[in-house]
Amino acid sequence: MADPTIAGAGQGRDTLLFARQGFEIVALDYVADALDAIVAKATAAGADDAVGVTVHDVREPRRRAAPSASSRRPGRLHRAPHRR
């Protein structure tokens with residue numbers, strides 16, 4: 001099974017659930033503060049190596065490009081700047 005991407009990650013309940021099950025997760029949300037909370041929860045749960053975050057509005061197309069400063073794969077948690 002492929003590792004999931006959580007669109008509209010919100011408070012991170014699903015993100016942390018999957019991370020605890022052994023998946024590597026990329027959480028998408030357009031609210032940077034929500035992603036900050038997910039990063040903090042993942043770190044507190046010891047799952048920071050399984051969770052990555054990206055600021056993204058799911059109403060906009062997502063380009064497939066190399067990871068940038070606003071997109072990180074699991075294991076590299078950060079606060080991504082919000083771009084519109």
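Surface patches are made of residues with over 30% relative accessible area and no salt bridge, like charges being joined within 9 Å and nonpolar side chains (Val, Leu, Ile, Met, Phe, Trp, Tyr) within 5 Å. A salt bridge is a side-chain nitrogen of Lys or Arg within 4 Å of a carboxyl oxygen of Asp or Glu. The structure is a predicted model, in which local features need pLDDT of at least 70, side-chain atom pairs count only at pLDDT 80 or more, and totals for chains, interfaces and linings use all residues. Residues are numbered from 1 along each chain as its sequence is written, and side-chain values use heavy atoms, with hydrogens and water left out.

A patch of negative charge on the surface is formed by D3, E24, D48 and D49; Asp and Glu count as negative, Lys and Arg as positive, and His and the chain ends are not counted. The place of a charge is taken as CG of Asp, CD of Glu, NZ of Lys or CZ of Arg. D49 is classed as exposed because its relative accessibility is 51% (buried, under 20%; exposed, over 50%; partly exposed, in between; 1.4 Å probe, protein chains only). The C-alpha atoms of D49 and E24 are 8.0 Å apart in space, with the two residues 25 apart in sequence.

A search of the whole structure returned 1 aromatic pair. F18 and F23 form this pair, which is edge-to-face, with 5.7 Å centre to centre and 85 degrees between the planes (ring centres of Phe, Tyr and Trp, the last by its six-membered ring, within 6.5 Å; planes under 30 degrees apart stacked, over 60 edge-to-face, the rest tilted). F18 is partly exposed, at a relative accessible area of 29%, whereas F23 counts as buried at 18% relative accessibility.

Conventions
Areas by Shrake-Rupley, 256 points an atom, 1.4 Å probe, with all protein chains shown as cover.
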